[in-house]
Amino acid sequence: MKKIKLMVFLLMLFMIGCSNEQQETTIKDTTEITLETADSQEVITHDNSVVKEFTLTFRDVQLTMHGNMLPILEVLGEPDFYFEAESCAFQGLDKTFTYGGIEIHTYESHGKDYISSILFLDDTLETNEGVVLFGSLDDIVKVYGETYTEDFSLYTFEGINSKINFLIENDEITSIEYVALYVEDQQE
Amino acid sequence: MNDLIEILEELHADVDFKNCVTLIDHNILDSFDIITLVADINSEFDVTIPAEEIIPENFNSAKALYALVERLME
Amino acid sequence: MKKKIILLSISAILLFGALFLLEKLLMPKHVSGIVEGSLIESYYNEKLKHDILFVGDCEVYENFSPVTLWENYGYTSFIRGSAQQLIWQSYYLLEETFEYEKPDVVVFNVLAMKYDTPQKEAYNRMTLDGMAFSKSKLEAINASMLPEEHMIDYIFPFLRYHSRWSSLTKDDFQYMFSKKPLFHNGYYMRVDVKPVEYIPKKKKLSNYEFGEFSYKYLEMMTNLCKENGVELVLIKSPTLYPVWYDEWDQQMIDYAKDHNLMYFNFIDHIEEAGIDFNTDTYDAGLHLNITGAEKMSLYFGEILKEQFDIIDRRNDPVYAEAWIEKSTFYYKMRDQQYHELETYGEIMMYGEVVK
Amino acid sequence: MLFTSYSFIVFIAVLFVLYYIIPKKYQWILLLVASYFFYGLMSIKYLGYILVTTVTTFYAGRQLKRQNLYQKDYLKEHKADMSREDKKAFKEQIKKDKKIYFLACILVNFGILAFTKYTNFVIYNVNHISEMFGNDIVLSFWNIALPMGISFYTFKSMSYLIDIHRDKSQGANSLFKFALFVSFFPQIIQGPISRFEHLSKTLYGPHTFDYDRVAFGLQRILWGFFKKLVIADRLLIAVNTLKNSPEQYSGGFVLVLMLMYSFELYADFTGGIDIAIGIGQVFGVTIEENFNRPYFAKNITDFWRRWHITMGAWFRDYVFYPLSVSKRMLKLSKWARKNFGDAIGRRLPVYISTLIVWFTTGIWHGASWNFIAWGLANGIVIIISLELKPYYKWFHSKFNVADKRVFHAFQIIRTVLLVSSIRLFDVYKNVPLTFKMLGSMFTAQNYSSLFNGSLLELGLAMYDYVIVFGGLGVLLIVSLIQRKSNVRLQLASKPVHIRHAAFLMLILSLLVFGAYGAGYDASQFIYNQF
């Protein structure tokens, strides 16, 4: 009798337990939680703040920060312009691929190229959230909210592994850039 | 005393409880046996052995255990 | 007890002996591949005085050729530069160099002004590991460390490189205690050519003002030279990338004016110097190759000649002899590189020259 | 300040010198200062928490002690003129008086623990349940600093209190001495969970410098660092890769992960304890052993007698027994015997207590479902193994293998696999995923792919594996020797040059092969990012 109740109770535990996926959220913390250091628990306090990634859909291709460039190249084909900056003392190549309207910058890690930043060149395209060059700060706040940090006239929204920068000169967005966070190589 | 030995032998038929004095030290009685034991004693002698009395010294031998029971009875 | 102490000290000696050898073995040698790592230490083999001292990043050690300066003007010069050498590193290198000698002119390339904070451990290492132990070195380390770095890792590089045991090569054993010559008074020679095709458009910045640290160290550098009666010359090398913004240029012009220093932005003198970015760069406009560097040195030599009266030491037998040796090595390496370029289409073994 | 950090080594070195030059009667005060420095360095906020626990526990304990003494004296005096009933009544009265302080203190301290550790967990579940009912009111999490090691020092303090309450301990005679017991820095982050009666014997000195003892201590520390840096931190790289992309590494890789994690955890945890105990020795303080070659356990019950011993003991003495022999439980068992017969009647107390204990053990390890699942899984397995006992008996009566080496080996491997697989709850930190991965181990057909070099893409190269296996080999040999006697005593009996050579080798291999420094952070960075 009691035993059965107990089993039901257990079952319940598991069922509730089943609805907790989002413990693996933050990729940032490399801290380890193991069975002995019971209290490093701190690390996986269930984070429900919806931190998003900033990605750009360009010619039906998803461009994600830290994303591998190879498959993207296959779809987009030869860039209009191509430039590789052999960083001082050759710490991997930083490549720049220019396609009508955007400039995709990559960094090299373990022989593969990953996207480090995307720069808008003109107002022929908009961010996935619908902001274009020469728009206004209001446009930005409308879709991205107030959670930006401001450095001089550079407005930045941070995601988990990506951020988006808007530069505003006399009330006009003059630069839009997607940037990957935590890129080791700081070349420009 | 004999009742106690009986109870013990119900747990482990193969142990010589009359003479063994290392029931705990040699893991002959594990914590589960001990609980069962306490329960049996409770129903047999009508004494409840409090948790703080569950220490190796009291459970290492049938003699010690019996002593404990007697102590608690008075 | 006594016996114990003796035993302990013996073991201690053994331990530290072993660690010393291991450190020598495990430290990266930078004699092939990324040779830039051995630029800084190459200075300590120098015996004779230098009248001109270059400090800065790749924009000095790849764009100026001391041998050319010697052959055409009799100026003795040395380049204390390494990859992405930050301004405070340049400052402390200068400070250290002044302990050994006082040149007439110090030339600093201002690109480093754009970095106001430490950038990358790998680059720190390439500059700092080569420095001889000194107070300046400690200060340089302190200024360059990233938050997650430790001073002790620089003082005992073993702690940093211990994991290289798995990737040791023949070089590590061969050059454990001494390295082969790779550079020409700090000049990193490249003869290959890669013309400029396309330069990405200037990305707008939110703030063009150089950081306060950059300025702080530029000030310190200026004062250090004054105190030592050394002329400081600021230059910006003629390269097309990384971008050198006009806003940056203006700041340097102003700084030079305020401190009555000379400042030359050679980007504006590319034609005059006769540099052709179809033939004179080996990486599409970032750095000059040997032809570019030689042109640059000739052009700059003229300027130095006009501005200062630096001794022409070509008639001084001691110097002449030493520099003949240097230039023979210079030409050997050049020919070797051209040879490799013809036979393999690229430079295979940098500095594999029998001296 | 982690054990494996430059600053910690400096800290110990300085402390060591001071400890042996200052007057001996101040040694323990130095330790107290050092402990608070060590703890405060992690976050000054923590000090508040530990102070509350220290003060409340100490004064509650003192009250209980007074009552105990009063009871003794009173009974002695009035031996003659008291009837048994009087005595009983008097004892009852005392019990009542004690209970107030006792409960108050227990509630306060476990309250703090629960608040800091479980508030967000509760909120988290409330949100989920409200979600289930289509509610979209989301409570936001509180930002509570969870003090490092709070579970450990709270448990230490509570065992202190309970032991006094049970009149088993006289407690500390000064607040500061107790404060040192609670905050003693070598064991504050990961135990062992010492008992006051044991630790206090040596904690307060005075201690004169004893070459052999200090040498032994240093050796133990060295050994701990070797386990942590050479084996654990190296394995960790692969463990992270495997567990961070489960979809890519299922089936065979789960088995690999299981084993790797088991050895990583063992090396890391026991290494940490070795360092703690070693430091204790250096300062002349004897800390309880926390492990007894756990991976040689013959069954899971045995395993928990040998792994994290002090924690197991704590739960046994302060939760399991009190629970299972409580009046309620006995009543329940009686009632069950009547209605369901002896079989169930006997089992009921055991099972309920077991499950409750393991539930608490689980949640003690961490405020999340995966740890609860992990705890209950342990409990259930233990119960099952209890149920199977008679069958084992039968089996052994039929086949005489009980003392055969092969059979022992089988038991050992079985136990290791069992605990390792349960630990997957801790690895994936996600209950459903864990079940999925466990299942994939049996369904997946990708075991062959373990040998096509994919193991070399986890962040460890061939030579890393060589080091790991070499290190584990050393560990194995050492524990095999331990079976017979103390390794360091054996070593001490060897000729001096051999001894010194041995330790030189140990130091060098630690320094060269240790997975520390920028070289490794770098690889860590890469492998955790992508």
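**Sheet of chain C and fold of chain B**

In chain C, C:Phe54 stands opposite C:Val107 in β3(C). Please keep in mind that this is a predicted model, in which local features need pLDDT of at least 70 and side-chain atom pairs count only at pLDDT 80 or more, while totals for chains, interfaces and linings use all residues. Residues are numbered from 1 along each chain as its sequence is written, and chains are lettered from A in the order in which they are written.

Strand β1 (residues 52-56) and strand β3 (residues 105-109) of chain C pair in the parallel sense over four bridges; strands are DSSP runs of E with at least two residues, helices are runs of H or I with at least four, both numbered from the N terminus, and two strands pair if DSSP finds at least two bridges between them. The open sheet of chain C has five strands in the order β2-β1-β3-β4-β5, with parallel pairing. At its edges stand β2 (77-81) and β5 (262-265), each with a single partner strand, so one side of each is left without a neighbour in the sheet.

Turning to chain B, we find four helices and zero strands, which run α-α-α-α from the N terminus on. A compact globule of 74 residues would have a radius of gyration near 11 Å, and chain B agrees, with 11 Å; that radius is taken over C-alpha atoms, and the globule rule is 2.2 Å times the number of residues to the power 0.38. Along its principal axes, the C-alpha trace of chain B spans about 30 × 25 × 20 Å.
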